[in-house]
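Q: I'm new to reading protein models. Could you walk me through one, a feature at a time?
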Amino acid sequence: MPEAELTALAPSDAPAELTPPAPGVWRRLLANPLAAASLLLLLLLVLLAVFAPVVAPHGFAEQKLERQLENPSGTFPLGTDELGRDTLSRLLYGARISLSVAVAVEACVVTIGLLVGLIAGFFGGAVDAALMRVTDVMLAFPDVLLAILLVGIFGTATASPAASLLLVVVALGVTGWPPLARLVRGQVLGLRKREFVEAARSLGATNGRILRRHILPNLLSPILVAVTVDTAGVILAEATLSFLGIGVQRPYPSWGRMISDALAENHLRSEPRLILLPSLALSLTVLALNFLGDGLRDALDPRAHAKR
Amino acid sequence: MLRFVAARIGLAVPTLLAISFLVFFAAYLSPADPVDIIVGERAAPEVKARTRQQWGLDRPPLVRYGDYLWNIVTRFDFGRSYLTQESIIDIIQRGFPNTALLATLALLLSLLVGIPSGMLAAVWVNRAPDRIAMSLALTGVAVPSFVLGPVLVLVFALRLDWLPVVGFSPQGGMTAEFFVLPTIVLAARSAALIARLTRSAMLDVLRQDYVRTARAKGLGNGVVLFKHALKNAFPPILTVTATTFGYLLAGSFVVETLFAIPGIGYQSIDAIRKRDYPVIQAMALLLASIFVLVNLVVDILYGVLDPRARLTGGGSGSIRQKGAA
């Protein structure tokens, strides 16, 4: 076969042809009312978090001791806490904390999970066995518990607020990758045997090129779905650590810490709003991420939807 | 079968050893000096030196680790608390029964709620019972216990006055009603996970030919559902139950803190806040052993229930849901 024909047969460099998510992903996603509403809510939350310093009427640690435990008013749209701090501002900055922790942790999780999964799935053999052994051992333990022990040992409770934030990210990032590594490995194992990989290999493509051009683009959709749902878990985990007093430290307003502080001050009977508002923010965010994840899964793989 | 069991146990021992090593050296690497925790940072240097010697903290870490393991294996001795000097095994004996009771009650409750609602959802798939059960399940997964707990307390204890506010009465006595809310709060998430998994496992099984055959023979719905379907859907349910048990223990950290129940979760958080390393180490090791044991039992049960698992050596294959307690 002349060389010109060979190149014509070679898989195109345009990743679009190789990426399975068919056109219409957006259309299908937005046609799902729950997913669309969740996306909208999350976009709003991201905007509010990013522009918290502009949007928030007060600083998150700004105390007005003469205005403790006030009910919602013009100056304090959602009222104040026992130190006279504005609840709305604290919720907005809390969103900033939650989302930045989530983004940073997911960056770690995707980096480690992708590397481990790719190496294990693509090269197989002893490397695969060793990596999966570690992954399985880690999977046997609830990651929150591992994270609790990690932050416990490295001592967030006594760290400065900024250091505690970093420690929480590290603890959740280091413990969170195994499910993704598992997922990536499984996908790679399947893809490795597909015809287009075989074709690329027979045309002399290097491992690096096959990984970049043929494997990675096909991993995008499952990773996107997994990361969306996982982000909900990370936000919950950060809130849990902070609720237990071993996560993000004062005066940073984590939603979890706002709940436990308000409970410790016995506000449940007299000022339930101080507990219910951060609870609502947290639950809505987590629900929205779950709905969005489900919606994305259906939109990216319409056939799976038909089966369900 | 015996070989399968032996292989599983053979895997559990090195896992536990590795964990003990990690737990010990993680504490060793932590920035705080144990002596500062025991006698306080401002103690005189002589006092510090004497304490260091008394507690054996001046010995090389590997020697201390060997000693630590030896004491645990031979005498079940986990050392003493840095803060109260109390023997850690006493601390565990005080807290563990509370945690075990709470976790067992919650596990029972989540099975009692999770399996029937998952089955209902599978039988009426995509219809109202399914929708309702799965929405509740999603709520159970998305709403953390430290949100559900206060809400339930607000409604049932403070507004309706049906149940006590905290898990334990101040006198330390515990009556059944103190455990109602903590059990429900702890069980919510695992019930949700079990319901979801039961639904999908049942849906898989209900599509099988033998179920159709059973129906064609004219067997009643009940017989088909319980004898043909549930029995075969059971191995995955068992697996998720084991995973769930792990989350119940992790969840007990939050629920015990929330309701002031002095179990090992509460004790661990207390130790973490006070940097009482020997206690943290012992708790970590205890929890790890429980997990390894539960996973071991599940793997073996799985091998009994599904002989194919014995051949592939794949036991429970972790099905996991990420997230907080």
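Predicted model: local features only at pLDDT ≥ 70, side-chain atom pairs only at ≥ 80, totals over all residues.

Q: Which elements of chain B give two or more residues to the side that touches chain A?

A: For that, you look at which stretches of the chain supply the touching residues. Here they are α1 (2–29), α6 (128–142), α7 (145–159), α10 (221–259), α11 (264–274) and α12 (277–305) of chain B.

Q: And how many nonpolar, polar and charged residues does that side have?

A: Sort the residues by class and count. The side of chain B that touches chain A has 32 nonpolar, eight polar and six charged residues. As for salt bridges, the count between the two chains is zero.

Q: How many residues of each chain are in contact, and what area do the chains bury?

A: You can describe an interface by residues or by area. By residues, 46 of chain B are in contact with 49 of chain A. By area, the two chains bury about 4,100 Å² between them, and 73% of that is on carbon and sulfur atoms.

Q: Now chain A by itself. How many helices and strands has it?

A: Chain A has 16 helices and zero strands. It has 308 residues, and 48% of them count as buried, meaning under 20% relative accessible area.

Q: What about the accessible surface of chain A?

A: That comes to about 13,800 Å², with 67% belonging to carbon and sulfur atoms.

Q: Last one: how do I read contacts along the sequence?

A: Check how many positions separate the partners. In chain A, among contacts with a separation of 6 or more, 70% are between residues 24 or more positions apart.

Technical notes: Residues numbered from 1 in each chain as written. Chains lettered and ligands numbered in written order. Heavy atoms only, no water. Helix = DSSP H or I, 4+ residues; strand = E, 2+ residues; numbered from the N terminus. Buried < 20%, exposed > 50% of the residue type's maximum accessible area, 1.4 Å probe, protein only. Contact = heavy atoms within 4.5 Å. Areas by Shrake-Rupley, 256 points an atom, 1.4 Å probe, with all protein chains shown as cover. Buried area = accessible area lost by both parts, 1.4 Å probe. Salt bridge = Lys/Arg side-chain N within 4 Å of Asp/Glu carboxyl O. Nonpolar A, V, L, I, M, F, W, Y, C, P; charged D, E, K, R; others polar.
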